[in-house]
Amino acid sequence: MPEREDSYAVRDSRQVVKKFLARPQHEGVGAIVRRSIGRFELKYFDPFLALDEFSVTAPAGFPDHPHRGFETVTYMLQGAVLHEDFEGHKGTIGAGDVQWMTAGRGIVHSEMPAAQGTQKGLQLWINLSSKHKMVEPRYQEIASKDIAEASNDGVKVRVIAGEALGAKSPVYTVTPTMYLDFTLKPGAQLRQPIPARWNAFVYVLEGEGGFGSATKPVTASAHQLLLLSNGGGGDGLEAWNKSLKPLRFVLVGGEPLGEPVAQLGPFVMNTEEEIDRTVDDFENFVNGFEKARHWRSESGISLGF
């Protein structure tokens, strides 16, 4: 990361090269997600495989399902979800909490509503390099009260990963990643550095704002994804809120892996042969999926992979 994470570190803003609306679609069992990365307009944005803004009300949810070869980052915006896996890990992810799960060689888990009403959040899938795809699964869980925060001149940030406004996250990212949740008051402006060569995007949660640069601004509002330029200049993001309401968005960036991607649903490897082996491993309960043979979550439902 750059040594200085303040406005003076940004000399030239990255431009917005693509903008589109994340439209609702069905996922899991009865859940609704707004998928931006991971759908036909943008199947992969190295190293990011998917970004879902999810909305789920019991009895809908994401029951027993497997993963291999990447990480999932669950950031709750409203309500809570109950997480269980075949290693015996179980817990509740509440509003403002983060769960950073490295699936690695294999995990089977469920994510179901843990409260009344509608539960809302973001789930980001981050690819792992070939040398890390088969690591042992691990979790990093950060309660809302423990997330690093900072404020300056009408800008507030919650630092999920990386560093901003002098605040730094303790999260270790296998694939180098920044994940920042910004709120700008009316009239506020932000200039946030982005490491050179990293791919980065903005996803707007609330309000309306301008992004890019003063000479070529792009206006975006809730549920819109903005891809930022990479190469040809631009060392950070410039954003401003000229509306009368707060603007909230996440800025996510990551170091590209530059490797081939083979994906079959919740399995992400480098080749089709590796995908075939993964399916065999899962169906035969071997090479990381041994505990899947007899495990069922308390919900007792499977997505059938």
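These legends walk through a few close-up views of a predicted model.

Residues are numbered from 1 along each chain as its sequence is written. In this predicted model, local features need pLDDT of at least 70 and side-chain atom pairs count only at pLDDT 80 or more, while totals for chains, interfaces and linings use all residues, and side-chain values use heavy atoms, with hydrogens and water left out.

**View 1. The largest pocket has a volume of about 560 Å³.** Here a pocket is an open set of points on a 1 Å grid over the protein atoms alone, fitting a 1.4 Å probe, with protein on both sides within 12 Å along at least five of seven lines; lining residues have an atom within 4 Å of a point. Volume is the space filled by probe spheres set on the points, which are joined across faces, edges and corners. Of the 25 lining residues, Glu27, Arg35, Asp52, Trp125 and Gly265 lie nearest the centre. Strands (DSSP runs of E, at least two residues, numbered from the N terminus) that give two or more residues are S3 (31-35), S4 (48-57), S5 (62-67) and S11 (118-127). S4 brings the largest share, 4 residues.

**View 2. Four residues carry the UniProt annotation "binding site".** They are His65, His67, His109 and Glu111, from an unreviewed entry; such annotations may be inferred rather than shown by experiment, and positions follow the numbering used here. They span 47 residues in sequence, but no two of their C-alpha atoms are more than 12.8 Å apart, so they gather at one spot. From this set, His65, His67 and Glu111 are in the lining of the largest pocket.

**View 3. A closer look at His67, found in strand S5.** His67 is buried, at 2% relative accessible area (buried means under 20%, exposed over 50%, partly exposed in between, with a 1.4 Å probe and protein chains only). Leaving aside neighbours within four places in sequence, its contacts (heavy atoms within 4.5 Å) include His109, Trp125 and Phe289. The side chains of His67 and His65 make a polar contact (3.3 Å), that is, a pair of N or O atoms within 3.5 Å; within protein, one must be able to donate a hydrogen and the other to accept it, and residues adjacent in sequence count only if both atoms are side-chain atoms.

**View 4. Glu111 sits in strand S10 (residues 107-113).** Glu111 is buried too, with a relative accessible area of 8%. Its side chain makes a polar contact with the side chain of His65 (3.4 Å).
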